[in-house]
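Notebook open, model loaded. I want to go through the sheet, the metal site and the packing, in that order.

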Amino acid sequence: GTPTALMVGSGMGAEKGILIRNGEAIQTFKEVKAIAFDKTGTITKGKPEVTDLVMVDGVEEKEFLYYAGTIENGSEHPLAHAIVEKAKNEKIKLGEVIDFNAIVGMGVVGNIDGEKILVGNRKLMKENKVSYEAYEEELIRLEEEAKTAMMLAKGNQLLGIVAVADPIKEDSAQAIAALESMGIKTAMITGDNKRTAAAIGRKVGISHVIAEVLPDGKVEEVVRLQEKYGTVAMVGDGINDAPALKQANVGIAIGTGTDIAIEAADVTLVRGELSGIISAIKLSRAIFKKIK
Ligand code: ADP
Ligand code: MG
């Protein structure tokens, strides 16, 4: 009967590194028509590193990294960690920031040594009347290399660009190809810019890329996929993925991610490997074929 099948399913899942918190998920997996993935920490390793520094003429990298490292020291964002690490590796002594503010989907603002410092994307620069048009081509080049490019401004003066790359997990492309070959649609939902997201999407072969989504917008995107495809799974690791994991018919958390995401999900991929999802779907299809 079903209860026995669920127990067997849970046992087999555990072997493959899939932790099932909600037994119903084993039944739902076989119905899944589309899977939405968060980008950072889900498709990628979530360990970004600084790859490029592009200075405006006359700006010293040391000054740039002092401001960038000091302000990002106040942020929890993986992009911020990458910048702080870079400043530390270059032996920059960081300063103090006052009036620090993290602006969702845009970047960070604060006051360092009496100067207003901003680090973030185009939206942040536009809002603060910083002109960066002369660097648009540079930004595009970096983004097409799948990097996230951020700009730093002092007052309304651009000082330069810092680009960060987050390596893709070893099994992401393979897992996505396997899902597509099983007839399941794949989508990526991210707050990152469209060009970077598209470049990563191409690298892993994901069919649908939804970029520049604010954290609150992930739920809406899952609803939209449900309207289009029916049963939808969502995979994510972050605090701001939790509502979307709840909204999905199956919420799948990355075991190395935040506790909030794990608690919101039905299933956890213990080692964070996306291939666990394929095992879960195959398991679900196999078990319920036997029951019928
Ligand atoms: P994601 O889900 O991809 O991490 P977020 O919504 O957290 O997206 O961030 C979207 C964008 O906002 C980033 O790609 C970056 O351009 C900018 N941003 C967010 N936080 C920071 C930060 N601490 N420093 C600089 N830029 C940031
Ligand atoms: Mg994430």
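Before I count any pairing: two strands pair if DSSP finds at least two bridges between them. I also keep in mind that this is a predicted model.

**Entry 1, the open sheet.** I looked up E2 and E9 to begin with. Strand E2 (residues 34-38) runs parallel to strand E9 (residues 185-189), and five bridges join them. Within that pair I found Ala 36 opposite Ala 187 of E9. Then I traced the whole sheet: seven strands, open, with mixed pairing, in the order E1-E13-E12-E11-E2-E9-E10. The edges are E1 (18-20) and E10 (208-210); each has a single partner strand, so one side of each is left without a neighbour in the sheet.

**Entry 2, the magnesium.** Which residues coordinate the magnesium ion (ligand 2)? I got Asp 38 (OD), Thr 40 (O) and Asp 237 (OD), at 2.0 to 2.2 Å. Along the chain the donors follow the spacing D-x1-T-x196-D. Asp 38 lies in strand E2, while Asp 237 is in the loop between E11 and helix H11 (242-247), so the pair ties together parts 199 residues apart in sequence. Buried or exposed, Asp 38 and Asp 237? Both came out buried.

Next I turned to strand E8 (residues 157-165). Seven of its nine residues are buried, so the rest of the structure largely encloses E8. Strand E3 (residues 49-55) pairs with E8 in the antiparallel sense over six bridges, and Val 54 stands opposite Ile 161 in E8. Strand E7 (residues 148-154) is also antiparallel to E8, over seven bridges; there I noted Met 150 opposite Val 162. E7 and E8 make a hairpin with two residues between them, and Gly 155 in the turn has a positive phi of about 65 degrees.

The largest nonpolar core has 43 residues, and Phe 64, Met 125, Leu 152 and Ile 161 touch the most other members. I listed contacts for Leu 152, leaving out residues up to four places away in sequence: among them are Phe 64, Tyr 67, Ile 117, Val 119, Met 125 and Leu 159. A second, separate core of 32 residues includes Ile 18, Ala 25, Met 182 and Val 235.

Conventions. Residues numbered from 1 in each chain as written. Chains lettered and ligands numbered in written order. Predicted model: local features only at pLDDT ≥ 70, side-chain atom pairs only at ≥ 80, totals over all residues. Heavy atoms only, no water. Helix = DSSP H or I, 4+ residues; strand = E, 2+ residues; numbered from the N terminus. Donors = N, O, S within 2.8 Å, 3.2 Å for Na, K, Ca; no water. Buried < 20%, exposed > 50% of the residue type's maximum accessible area, 1.4 Å probe, protein only. Core = buried A, V, L, I, M, F, W, Y, C linked by side-chain atoms within 4.5 Å. Contact = heavy atoms within 4.5 Å.
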